[in-house]
Amino acid sequence: MKLKYSRLLAIISAGIIFFGAIFFGVGIIAELVQKNREKHCTYKLTATVLDNEPGGSDSNALYPVYYYSYLGKEYNVKSDTGSYPAKFDVGEEVEMYIDPDDLKRFYVPADNTLKIISMVFKIIGGVIAALGLLIPMIIARIKYKKNANSNEEIIYVSNQEPNPYRGYYRENDSNPDEDYISTVEEYNRYEK
């Protein structure tokens with residue numbers, strides 16, 4: 001069973017929109033993670049960057065390791081977002097907010113990597129989804145123009161009912177049998 005062209009186009013369009021929605025969703029999740037950190041991390045302190053560790057064997061990103069003390073105890077925490085080049089220099093002091101209930105949960109306002117990731121994914125997702133909506137419209141427009149340039153399209157040019165055996169008649173025509181229009185080409189010729 002063959003799929004009709006319009007059905008195939010609808011499936012492809014839906015797939016592109018779905019793919020864009022996935023990207024947009026990842027951006028939304030990254031934004032929610034950042035907002036959740038900002039909501040729970042309420043205790044402000046100053047932390048020192050101890051090191052910028054590489055993320056892995058296939059990544060050039062450097063992840064800052066922070067040192068801070070809270071209620072007389074010292075903590076080292078590694079950021080879960082990295083960048084290249086490193087966002088902070090070793091020994092640099094940064095403002096940090098920690099969660100008093102979970103001392104390993106924190107955020108650094110000066111490190112906007114997660115916000116940038118969120119924004120990039122949402123923009124890419126929005127563009128892809130928009131393409132998924134626009135592609136069928138563009139193809140339909142191209143197809144319409146192609147049909148308009150051929151002799152296959154029949155035009156309705158009057159308020160009269162169409163004759164199923166002939167074509168359509170010109171408006172205000174006294175003798176429809178002589179002045180019959182059946183194609184775009186004939187219509188254009190009549191209009192000149």
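What volume does the largest pocket have? About 170 Å³, with volume taken as the space filled by probe spheres set on grid points joined across faces, edges and corners. A pocket here is an open set of points on a 1 Å grid over the protein atoms alone, where a 1.4 Å probe fits and protein lies on both sides within 12 Å along at least five of seven lines; lining residues have an atom within 4 Å of a point.

Thirteen is the count to keep in mind: of the 13 lining residues, R37, S79, D80, F106 and Y107 sit closest to the pocket's centre. Two elements give two or more residues each, α1 (5-40) and β5 (102-107), and β5 gives the most, four. Helices (H or I, at least four residues) and strands (E, at least two) are DSSP runs, numbered from the N terminus.

Keep in mind that this is a predicted model, where local features need pLDDT of at least 70 and side-chain atom pairs count only at pLDDT 80 or more, while totals for chains, interfaces and linings use all residues. Residues are numbered from 1 along each chain as its sequence is written, and side-chain values use heavy atoms, leaving out hydrogens and water.

Now for I98: beyond four places in sequence, its contacts (heavy atoms within 4.5 Å) include Y68, L103 and F106.

How far to trust all this? The pLDDT, the predictor's confidence in each residue from 0 to 100, averages 78. Over residues 152-160 the pLDDT is below 50.
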